[in-house]
Amino acid sequence: MTDLPSGWERATLADLLIRIEAGRSFTCEPRPAADNEWGVIKVSAMTWGEFREDENKAVPLGRDIDPNHEIRPGDLLVSRANTVDYVGAPVLVGACRPRLLLSDKSLRLIVSEDVDRRWLLYALSSPGVRNAISARATGTKDSMRNISQRALSEIELAVPPLIEQQQIVELLEGQLVRVEVGLKYCHEVAINLIELNRSIMLGLRDKALSQGGELVRLGDIASTTLGKMLDSKRNEGIPTPYLRNVNVRWGKFDLSNIETVPMSEDQRRHFALESGDLLVCEGGEPGRCAIWPGSASLIAYQKALHRIRPSGKVKPQWLEVMIQEAARNGRMTGLLTGTTIKHLPQEKLRSLLIPLPSVDVQDRLVEEFESMRQLMIRLESSMCEAVLRAKSLRGMLLSEGVGGRLTPRLAHAEPVSGLLEQIRKQRTAHEAVRRLGGRQGQELMSKASRTEASSGTILAPISTSAPKTSIQETLL
């Protein structure tokens, strides 16, 4: 903001806090903590705009626990390490289970009682501040960025008087709840479309069997070949474009990022794709597949993909639908190997049972599916547009709201300069107590409290009571 509303002041995040607290790193068990165990929160507990207490890992028995790191209702937490989109993402803790600890990738903002922490949550969630946090984050990979306490504390905010902070919160909560209801509706429609797609494909399978189709092994009606093994020490020859697992989506291809690999002439001929080839993902999301439409120039494929070339008995379009049906309805689950990362070995793929009616029936059922698929694509497109509009509206509301452009000015509001000075005194007193500890620290705190009381403001301890549940607790 270049021009601040009357009575506002520019300040850093540090100016509004008593301090920032960080957790510690534990070697934890790869499971959530039981009710009677201590758990350390994961980054995902703070990523999606609401605090998710089940996103934690169990602390092994016998570890030293610092109870000061326990998360409490009302805490304002920030993700110190996350993806480029979510690093520094804030979340306000509502009701939560006991025995949950801050991790070394989480920060707790101890907010002054003279600042509305709900307003601060909105301010930290606004697009301008989010961009500033992302710009200060370090790291070379978008998959993991880090923001230091110092960099976070130096983020600038436009600070209104406390009474205007509360007014902004009231307005935003009233408007953003409508946006969240719309987003929830879009999410429910998207889930229903997935279920509808599964049901339609299952119906086609049943129709094929009822109209003379027999179950046959995929390997008996098509040839399958895995793609080129990528080996930097052995790859020699002509740079050749090739498709990877990430390029194959459900029923289509993403060709925005095509890489090349050196291949000999024999390899280029062997791994070249032809129009009508069906590519099936071997790992990642096994069974995801699409029919290659052909290309003007040669393009190959890597080992993470199966290439299926149907015989004259089966159409590639029918195979695509039935392989998707098997993957989406769990019929392929028994063929997969691996635990964390699933794989679809070639021999397992060849053993997949495919209903095989006559070619005429295949064509008719594929045409029926295609008409339904186009309808679902239009519905999905409408939902995506609605989600984008809702998120854009949410960002605009946050920007305009925390910028003071949606609420009237209050002439009787206490100047922000006084608020910032009050917070500075609180921070000094709390720091003195922390350094000295014991009786001397308590006496200093008591003296600071009497001084502030004489000026009309009482120095209150940091509250740990849970705030009222509201939309800001689920706001990204």
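Is tryptophan 292 buried or exposed in this structure? Tryptophan 292 is buried, with a relative accessible area of 3%, where buried means under 20% relative accessible area, exposed means over 50%, and partly exposed lies in between (1.4 Å probe, protein chains only). The model is a predicted one, in which local features need pLDDT of at least 70 and side-chain atom pairs count only at pLDDT 80 or more, while totals for chains, interfaces and linings use all residues. Residues are numbered from 1 along each chain as its sequence is written, and side-chain values use heavy atoms, with hydrogens and water left out.

Aromatic rings were examined next. A pair of aromatic rings is described by the distance of the centres and the angle of the planes. Rings of Phe, Tyr and Trp (its six-membered ring) pair if their centres lie within 6.5 Å; planes under 30 degrees apart count as stacked, over 60 as edge-to-face and the rest as tilted. The structure holds two such aromatic pairs. In one of them, phenylalanine 253 and tryptophan 292 have ring centres 5.1 Å apart and planes at 90°, so the pair is edge-to-face. Phenylalanine 253 lies in strand β17 (residues 252-253) and tryptophan 292 in the loop between β20 (289-291) and β21 (300-301), so the pair ties together parts that are 39 residues apart in sequence. Helices (H or I, at least four residues) and strands (E, at least two) are DSSP runs, numbered from the N terminus. Phenylalanine 253 counts as buried, at 17% relative accessibility. Phenylalanine 271 and tyrosine 301 also form an edge-to-face pair, at 6.0 Å centre to centre with 75° between the planes. This pair links distant parts of the chain, since phenylalanine 271 is in helix α6 and tyrosine 301 in strand β21, 30 residues apart. Both phenylalanine 271 and tyrosine 301 are buried.

Lysine 228 is found in the loop between β14 (222-226) and β15 (238-243), and counts as buried at 7% relative accessibility. Apart from neighbours within four places in sequence, lysine 228 is in contact (heavy atoms within 4.5 Å) with residues including Phe271 and Tyr301, as well as Met263. Met263 is also among the contacts of arginine 268, again leaving aside neighbours within four places in sequence. Arginine 268 is found in helix α6 (residues 265-271) and is buried, with a relative accessible area of 17%.

Charged groups also lie over rings, a term that requires NZ of Lys or CZ of Arg within 6 Å of the ring centre and within 35 degrees of the ring normal. The charged end of arginine 24 sits over the ring of phenylalanine 26, 4.2 Å from its centre. Arginine 328 lies over the face of tryptophan 250, at 4.0 Å from the ring centre.

Salt bridges, defined by a side-chain nitrogen of Lys or Arg within 4 Å of a carboxyl oxygen of Asp or Glu, number 28. Glutamate 21 forms one with arginine 108, the closest N and O atoms being 2.9 Å apart. Glutamate 21 lies in strand β2 (residues 17-22) and arginine 108 in strand β9 (residues 106-111), so this bridge ties together parts that are 87 residues apart in sequence. Glutamate 21 is buried, with a relative accessible area of 16%, and arginine 108 counts as buried at 0%. A further bridge joins arginine 309 and glutamate 274 (3.4 Å, N to O). Arginine 309 lies in strand β22 (residues 305-310) and glutamate 274 in the loop between α6 and β19 (278-281), so the parts tied together are 35 residues apart in sequence. Arginine 309 counts as partly exposed at 24% relative accessibility, and glutamate 274 is partly exposed at 46%. Salt bridges that share partners join Arg19, Glu21, Asp75 and Arg108 into one network.

Helix α1 (residues 117-125) has eight of its nine residues buried, so this helix is largely enclosed by the rest of the structure. Among the buried residues of α1 are Arg117, Trp119 and Tyr122. In contrast, isoleucine 341, in the loop between α7 (316-328) and α8 (346-350), counts as exposed at 54% relative accessibility. Isoleucine 341 and proline 286 are 55 residues apart in sequence and 9.7 Å apart in space, C-alpha to C-alpha.
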